[in-house]
Amino acid sequence: MSRRTFSVVICVYTEDRWADILAAVESVRRQSLPALETLLVVDHNPRLLERLTEEFTAGPEAAGPGGEVRVLANAGPRGLSAGRNTGIAVSRGEFLAFLDDDAVAEHDWLRHFAEGYDDPRVAAVGGRTLPVWASGRRPAWFPEEFDWVVGCTYRGLPPGRVPVRNVLGGNASFRRTAFDAVGGFATGIGRDGGRRPLGCEETELCIRLGRALPDAVLLMDDRAVIHHKVPAVRERFRYFRTRTYAEGLSKALVSHSVGSGKGLETERRYTTRVLPAGVVRGLRDALLGRPVGALRAGAIVTGVATAAAGYAVARARTRSGVAFSHGPITTYAPRPEAGTP
């Protein structure tokens with residue numbers, strides 16, 4: 001494996017995650033394959049921008065190992081997609097890796113990503129994301145088939161290093177040339193701070209990538225592991241329902257953009273094979289005297305129903321036009337740094 005240069009993009013938006021942000025950066029700095037740089041993109045939060053700029057230019061963290069840390073403001077509209085596009089535009093690496101601001105990467109995270117690119121056809125490599133529950137353990141009712149609700153790898157994804165339709169955005173990497181071919185992440189679809197948790201921007205991007213480069217290969221390598229914090233509010237059934245409904249909204253936007261064939265082909269297998277098997281396991285556990293099995297089965301049925309409701313609502317709304325857009329990566333004029341006039 002030749003030396004590969006990675007720019008790691010971490011999008012941040014709130015001071016409430018200050019300790020998490022520092023832990024994410026530290027995990028990048030400790031990689032066995034050092035990153036060329038870590039880009040902290042701050043989403044329209046001047047106070048956080050100023051604080052991080054001070055931390056990584058004058059504080060003790062500024063001299064740490066593992067590549068330069070650069071702090072910059074999101075130069076596009078508010079939201080995760082524009083933040084990622086800002087990072088892509090200013091990055092210098094041959095490859096870009098994306099890490100959530102409330103996650104930490106294992107020591108060989110970038111090394112495993114890099115190995116996937118020994119094949120020149122590979123345009124993207126994703127990894128495995130494990131939940132770190134605020135309560136210390138998985139809620140008994142929470143089915144593993146729905147771990148995507150909390151931004152983690154879910155039951156039903158194939159193990160090992162395997163081709164996939166799309167990688168998962170909080171733990172993913174791309175060749176820079178992929179963005180040259182298809183532009184950036186679509187704005188108006190990804191997460192936007194504390195608003196309704198829409199997603200699927202990486203799904204839409206990967207489908208566009210597959211269309212533009214039919215020979216491109218996208219991989220999932222479950223050795224590239226990160227650990228993602230799940231706050232207490234996301235362990236609640238109310239959040240589960242809200243998030244699955246939002247996923248239906250997002251999937252409708254994606255299928256409207258790229259067509260239901262590509263937009264939903266992976267989801268069809270998931271809903272016709274993976275989820276029914278989960279319901280059967282839950283009911284079997286209930287029959288064997290483990291009542292939580294019935295709760296898991298009920299959660300699966302609820303998740304399917306609320307996602308379907310969100311999909312139906314969004315399809316009705318998008319008949320007259322798509323609610324998001326994408327274009328080429330733009331090298332934005334730099335916005336004033338914190339503390340400058």
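## Confidence of the model

The chain averages a pLDDT of 88, and 85% of the residues score at least 70. Over residues 332-341, however, the pLDDT is below 50, although this stretch still has twelve contacts in the model beyond near neighbours in sequence. Where pLDDT is low, the predicted coordinates should not be read in detail. This structure is a predicted model, and the values below are computed from it.

## The chain as a whole

The chain contains nine helices and nine strands. Of its 341 residues, 51% count as buried.

## The cavity

How many cavities of 30 Å³ or more does a search of the whole structure find? The search finds one, and about 40 Å³ of space lies in the largest cavity. Rolling a probe the size of a water molecule over the atoms shows where empty space is left.

The lining of the largest cavity is made up of V9, C11, L80, R84, F98, L99, D100, G169 and G170. The elements that give two or more residues to this lining are strand β1 (6-12), helix α3 (80-90) and strand β4 (95-99). By residue type, the lining divides into five nonpolar, two polar and two charged residues.

C11, which is among the residues that line the largest cavity, counts as buried because its relative accessibility is 15%, and the cut-off for buried is under 20%. C206 is also buried, with a relative accessible area of 2%. As for disulfides, the count for this structure comes to zero.

A23 lies in helix α1, which covers residues 18-29. With a relative accessibility of 32%, A23 counts as partly exposed, because that value falls between the limits of 20% for buried and 50% for exposed. Although A23 and V104 are 81 residues apart along the chain, their C-alpha atoms are separated by 6.4 Å.

## Residues in loops

Most residues other than glycine have a negative phi. H44, by contrast, has a positive phi of about 55° although it is not a glycine.

R78 lies in the loop between strand β3 (68-73) and helix α3. Is R78 buried or partly exposed? At 45% relative accessibility, R78 counts as partly exposed. The C-alpha atoms of R78 and N45 are separated by 9.9 Å, while the two residues are 33 residues apart along the chain.

A186 is found in the loop between helix α5 (176-182) and helix α6 (201-212). A186 has a relative accessible area of 0% and is therefore buried. A186 and E202 are 16 residues apart in sequence, and the distance between them in space, C-alpha to C-alpha, is 8.5 Å.

Note on methods: Residues are numbered from 1 along each chain as its sequence is written. This is a predicted model: local features need pLDDT of at least 70, side-chain atom pairs count only at pLDDT 80 or more; totals for chains, interfaces and linings use all residues. Side-chain values use heavy atoms; hydrogens and water are left out. A disulfide is a pair of cysteine sulfur atoms within 2.5 Å. Buried means under 20% relative accessible area, exposed over 50%, partly exposed in between (1.4 Å probe, protein chains only). pLDDT is the predictor's confidence in each residue, from 0 to 100. Contact means heavy atoms within 4.5 Å. On a 1 Å grid over the protein atoms alone, a cavity is a set of points where a 1.4 Å probe fits but cannot get out, and a pocket is an open set with protein on both sides within 12 Å along at least five of seven lines; lining residues have an atom within 4 Å of a point. Grid points are joined across faces, edges and corners, and a volume is the space filled by probe spheres set on the points. Helices (H or I, at least four residues) and strands (E, at least two) are DSSP runs, numbered from the N terminus. Ala, Val, Leu, Ile, Met, Phe, Trp, Tyr, Cys and Pro count as nonpolar, Asp, Glu, Lys and Arg as charged, and the others, Gly among them, as polar.
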